Amino acid sequence: MLANVRVLLLGVAAGTVLGISAANWWMRGAADGPGADPTAPSLASLPDRVPGQNLSSRALARVDAQTAPALSSALALPTAFARDLALHRLAQESDADALAQMIGAVAGTGRSSGGRSAAAGIFLQRLVGLAPERALQIAVDAMPIDTEYFLSVVFSSWAENDLEAALAAVAGLPSRQAQQIAGDAILYAWGRVDDERLAAIVDRLPSTYQSRQARNRVLGRQVAEDPTAALEAALAVGDRVTRWQQVAAVGQLWASRDPAAALASAETITDANARLAFERAVISRWANTDPHAAIATVSRLRPGRERGQWLSSILGKLAKQDAGAALEWAAQLQAVHGHPGYAQVTLRTIAEYDAALAAANLDRLPNAQDRRSVLPSLAVAFARQQPETVMSWVNSLDNNSERQTAYAAAVNAIALSDPLAALQLLQTAPNAAMRDEALAGAVRVVAERNPQGAAMLLDAAPAGSLQHRQAVQTLAYQWAVAEPYAALAWARELDDGARREAIGSVLGTLAQRDLFAATELLGTLSGADRHHALQGVAQRYASQRPQQMLQWLEAYEGEPGYDDALRNAISTWMRNDPNAAFDAVLRQFEATALQDLAPSMMMSWSQRDPASAAAAIERMPETLQASTASTVASMWAQQDSRSALRWADGLDREAGRDQAIASVLTSGRTFAGAMGEEAFDWVEEIDDVEQRQMTAYNVLSKIARDDPQLALANLDRVPLPPRQRALLVQRIEDQ
């Protein structure tokens, strides 16, 4: 058997009559001398070069002078069979050095059909028998075109002579690819000779297609002999992923023979994941061979998500074979389990190859919500299979909601492949609202794959509608990702409102990928287009190059969009690096400018880290500390009122102590119980009378919503103006 493998590897062809005659002449020892057959051609009479087969003079020069004529003559024989016999004879008569020289002379041919590739394999195979390590080194050092072939020859021959040595040599190969080639060669030889030894061999080789096939052969034999023992062996595998894979393989093989027994054996598996893998494999195989029996058995399994998934999968397969039977099973399962998903899966599967048949059975889903879940699939199937009838089907549906769902799905499906056809379908819409909704959806669907087609669709949409604005934004973003300059050219041709939004989206998206290009294009814009786009580019600038952002923005100071762009850019920087942003803003701007920037800047910081934001207030100009403290206190109170109050209490009055306490009490979480009593104590800590009364009124109003009695009990702790007091009493009594 191994001899047959060797013949397969070396590609020895069956000889023709001419080849056999030449081989017989060669093996009889024909030569220019006594005893030669006078009718046979002499070596000297054979041509020096046979195109595609003979050695070049440079290659021959590398071969020993005594060996070269014999090699040249062997390669010059006119048939593959005669050449191979001659080459085998030459290989048997050569020592290791001569073999190595001849291999070098014929190298670089790979698995070509010429005689040189066969010669390389024959000589290499012989060298393995004499000096396997030397043969391996030649294979490792071979040119890329020879590597796979040489490794295959070496390891198939080496494994025949000394399996243990060949297996040990695999691990020392220089690359994973080389190890896989060698492993496959060993398995190719031994897998057909000694199947009993396969398991031990495979365990010592890297995972390849051949090794997986060998494992499957071993596993198939084990399952055929004793499936229970094979399952136990798979469950005993240490590595969990390998264990699950082996268990699934056993399940597939067992299901091929006795799926019912295989599924019943799953009850003995304690590893939950292994059990699921086994059941999934058994049921998947069973669904292909006998879906009716599989459904009947699986429907009696333990309730759970897996059972529903398995039944749906079997129904999907059965629907492709027998739609009527699948629908009947779906109805029975729905009656027993009360789940409409079985009919939904079946109808979707049927629609893939027969939309009309699926539509004819839509009444099997009487519930409106269940029908709507299937309608998009049916619409897509109709649009692909029978686009000329899709509107007739849409108009036949029960109500406007169903028609809208189906129509939009059909338009989307057609628009992906043919936007012009979609436009024609849009012209047949039952009403304008349905058309506009479907059109906007089609633009969103098509924008990523075909922005030009989406732009053509968008031209047909009525400008100014919400759907149109959303579609413009979607297309601008998707097109800018693929072709920003084409997207900008398109955006500039839109009407005023849509143009500004689209240009801003295009430049903002471009700035994420190429900030320099976006800033250059921004400079080419003017008027409202420029102002609208400035904000998006500035935010990207703040994300990527925050230290240079403020200096870059100076070029736009005084323009209408500058203030908003500056505030948003600083807020973006604050989210990423608040300390650096805060210090840069303090250095760059004077107090008058900071007055506009400080609230949004500190709000952004205190939302993420109020304690750090609070600590930074003392670094601000004194004129801004009080208002800034109030902002931080308000944000901090929404996370931790007590910590915010302790911090506010430590402020000087000039630094905004009263405003900060008031902000905590009015912005914090609702006060109740003991915390409500404490709130009134804090109100009394506010020095400014007007601030104290305003805060008391707000605190009492908040407490009255949750605890009216507590609010009444503390009504007189802070004297209020008569009108405010009367309003509070009325509010409390109304609770």
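The protein chain has a secondary structure of 45 helices and zero strands, and the model described here is a predicted one. Of the 735 residues in the protein chain, 49% are buried. Among contacts in the protein chain with a separation of 6 or more, 60% are between residues 24 or more positions apart.

**Nonpolar cores**

- The largest nonpolar core holds 178 residues, and the members that touch the most other members are Phe278, Trp393, Tyr407, Leu457, Trp490, Leu553 and Trp647.
- Helix α25, which spans residues 400-417, gives the most to this core, contributing nine residues.
- Another core, of 55 residues, lies apart from the largest one, and its members include Leu71, Ala100, Ala131 and Ala178.
- Leucine 457, one of the core residues that touch the most other members, is in contact with Ala415, Pro419, Ala422, Leu423, Leu426, Leu439, Ala442, Val443 and Val446, when residues up to four places away in sequence are not counted.

**Helices α26 and α28**

- Helix α26 (residues 419-426) packs against helix α28 (residues 451-459) at an angle of about 20 degrees, and the axes of the two helices are 10 Å apart.
- Because angles under 35 degrees count as roughly parallel, α26 and α28 are roughly parallel to each other.
- The crossing of α26 and α28 is a right-handed one.
- On the α26 side the contact involves Pro419, Leu420, Ala422, Leu423 and Leu426, which meet Gly453, Met456 and Leu457 in α28.
- Sorted by class, the residues in this contact of α26 with α28 are seven nonpolar and one polar, with no charged residues.

**Helices α19 and α20**

- The axes of helix α19 (residues 305-321) and helix α20 (residues 323-337) come within 7 Å of each other, and they cross at roughly 155 degrees.
- That crossing angle makes α19 roughly antiparallel to α20, since angles over 145 degrees are counted in that way.
- From α19, the residues Arg307, Leu311, Leu315, Leu318, Ala319 and Gln321 meet Ala323, Ala325, Ala326, Trp329, Ala330, Leu333 and His337 in α20.
- By class, the contact of α19 with α20 is made up of ten nonpolar, two polar and one charged residues.

**Individual buried residues**

- Alanine 487 is found in helix α30, which covers residues 484-491, and with a relative accessibility of 0% alanine 487 counts as buried.
- Leaving aside neighbours within four places in sequence, alanine 487 is in contact with Trp479, Ala480 and Val506.
- Between alanine 487 and glutamine 452 the separation is 35 residues in sequence and, from C-alpha to C-alpha, 9.1 Å in space.
- Alanine 185 lies in helix α11, covering residues 176-190, and is buried, having a relative accessible area of 6%.
- When residues up to four places away in sequence are not counted, alanine 185 touches Ser152, Phe155 and Ser156.
- Alanine 185 and valine 154 are 31 residues apart in sequence, with a C-alpha to C-alpha distance of 8.5 Å in space.
- Serine 701 belongs to helix α43, which runs over residues 689-706, and its relative accessible area of 5% makes serine 701 buried.
- Not counting residues up to four places away in sequence, serine 701 touches Leu728 and Arg731.

Conventions: Residues numbered from 1 in each chain as written. Predicted model: local features only at pLDDT ≥ 70, side-chain atom pairs only at ≥ 80, totals over all residues. Heavy atoms only, no water. Axes fitted to C-alpha atoms, helices over the stretch in contact; angles between N-to-C directions. Helix = DSSP H or I, 4+ residues; strand = E, 2+ residues; numbered from the N terminus. Parallel < 35°, antiparallel > 145°, perpendicular 65-115°, else oblique. Contact = heavy atoms within 4.5 Å. Nonpolar A, V, L, I, M, F, W, Y, C, P; charged D, E, K, R; others polar. Buried < 20%, exposed > 50% of the residue type's maximum accessible area, 1.4 Å probe, protein only. Core = buried A, V, L, I, M, F, W, Y, C linked by side-chain atoms within 4.5 Å. Left-handed = near helix turned anticlockwise from the far one by under 90°.
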